[in-house]
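These are my notebook entries on a single chain. I set down what I looked up, entry by entry.

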Amino acid sequence: MAEFVAGAKPARFVTVARVDDLAPGELLGARLTGHAICLANVDGRFYAVAATCPHLGGPLAQGELEGSVLTCPWHMAQFNVRTGCVLRGPARTDLATYEVRVVGDEIRVAVPE
Ligand code: FES
């Protein structure tokens, strides 16, 4: 039975990549209705965060992923891709995160409101 919450609007999900596009431990840049996002495959689970480093705009999809820790390629700030939280400066602002669903072989990400 469906559950309805007053005022809640169901999220719209868009296919941004296929499961085979990024192996465990890999990152992939993608577009989500005008937003640049960075997909991360952490041991077969997929996460999506903003693709631009909040420090000086480094391209996070070109960084390194070790476990759930994403390292910016420019000045080595680190973020947790599960939560978006800054783990190490010089960045001071957390990354936006996006809800991810896998449907068949499609990676779908929730469009921000
Ligand atoms: S641009 Fe990412 S740490 Fe500086």
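The entries below go from the whole chain to single residues.

**Entry 1. The chain as a whole.** I note at the outset that this is a predicted model. I looked up the secondary structure and found eleven strands and zero helices. Read along the sequence, the pattern is accordingly β-β-β-β-β-β-β-β-β-β-β. I then checked the radius of gyration: the value is 14 Å, close to the 13 Å given by the globule rule for 113 residues, so the chain is as compact as a globular protein of that length. Along its principal axes, the C-alpha trace spans about 50 × 30 × 25 Å. I recorded 29% of the 113 residues as buried. Among contacts with a separation of 6 or more, 40% are between residues 24 or more positions apart.

**Entry 2. The four-stranded sheet.** I traced an open sheet of four strands, in the order β2-β3-β4-β9, with antiparallel pairing. Its edge strands are β2 (27-32) and β9 (97-98), each of which pairs on one side only. Six bridges hold the antiparallel pairing of β2 with β3, residues 35-42. I looked up the bridge partner of L27 in β3 and found A40.

**Entry 3. The loop between β2 and β3.** I located T33 in the loop between these two strands. T33 has a phi near 40 degrees, which is a positive value in a residue other than glycine. Is T33 buried or exposed? I counted 11 other C-beta atoms within 10 Å, and the limit for an exposed residue is 12 or fewer, so T33 is exposed.

**Entry 4. The nonpolar core.** Which residues touch the most other members of the largest nonpolar core? I found V16, I37, C38, L39, A40 and V49, in a core of 28 residues. The elements giving two or more residues to this core are β1 (13-18), β2, β3, β4 and β11. As a general remark, nonpolar side chains tend to be buried together in soluble globular proteins.

**Entry 5. A50.** I placed A50 in strand β4, residues 45-50. A50 has 19 C-beta neighbours inside 10 Å and therefore counts as partly exposed; a buried residue would need 20 or more. Apart from neighbours within four places in sequence, the contacts of A50 are I37, L95 and A96. I also looked up the separation of A50 from R101, which is 51 residues in sequence and 17 Å from C-alpha to C-alpha.

**Entry 6. The hairpin of β10 and β11.** I found strand β10 (residues 100-103) paired with strand β11 (residues 106-110) in the antiparallel sense, over four bridges. V102 stands opposite I107 of β11. The hairpin has two residues between its strands, and G104 takes a positive phi near 65 degrees there.

**Entry 7. Two further loops.** I looked up M76 in the loop between β6 (69-71) and β7 (78-80). M76 is not a glycine, yet its phi is positive, at about 70 degrees. I recorded M76 as partly exposed, with 15 other C-beta atoms within 10 Å. In the loop between β8 (86-88) and β9 I found P90. The peptide bond joining G89 and P90 is cis, with omega about 15 degrees.

Technical notes
Residues numbered from 1 in each chain as written. Predicted model: local features only at pLDDT ≥ 70, side-chain atom pairs only at ≥ 80, totals over all residues. Pairing = 2+ DSSP bridges. Rg over C-alpha atoms; globule rule 2.2 N^0.38 Å. Contact = placed C-beta atoms within 7 Å. Core = buried A, V, L, I, M, F, W, Y, C linked by C-beta atoms within 7 Å.
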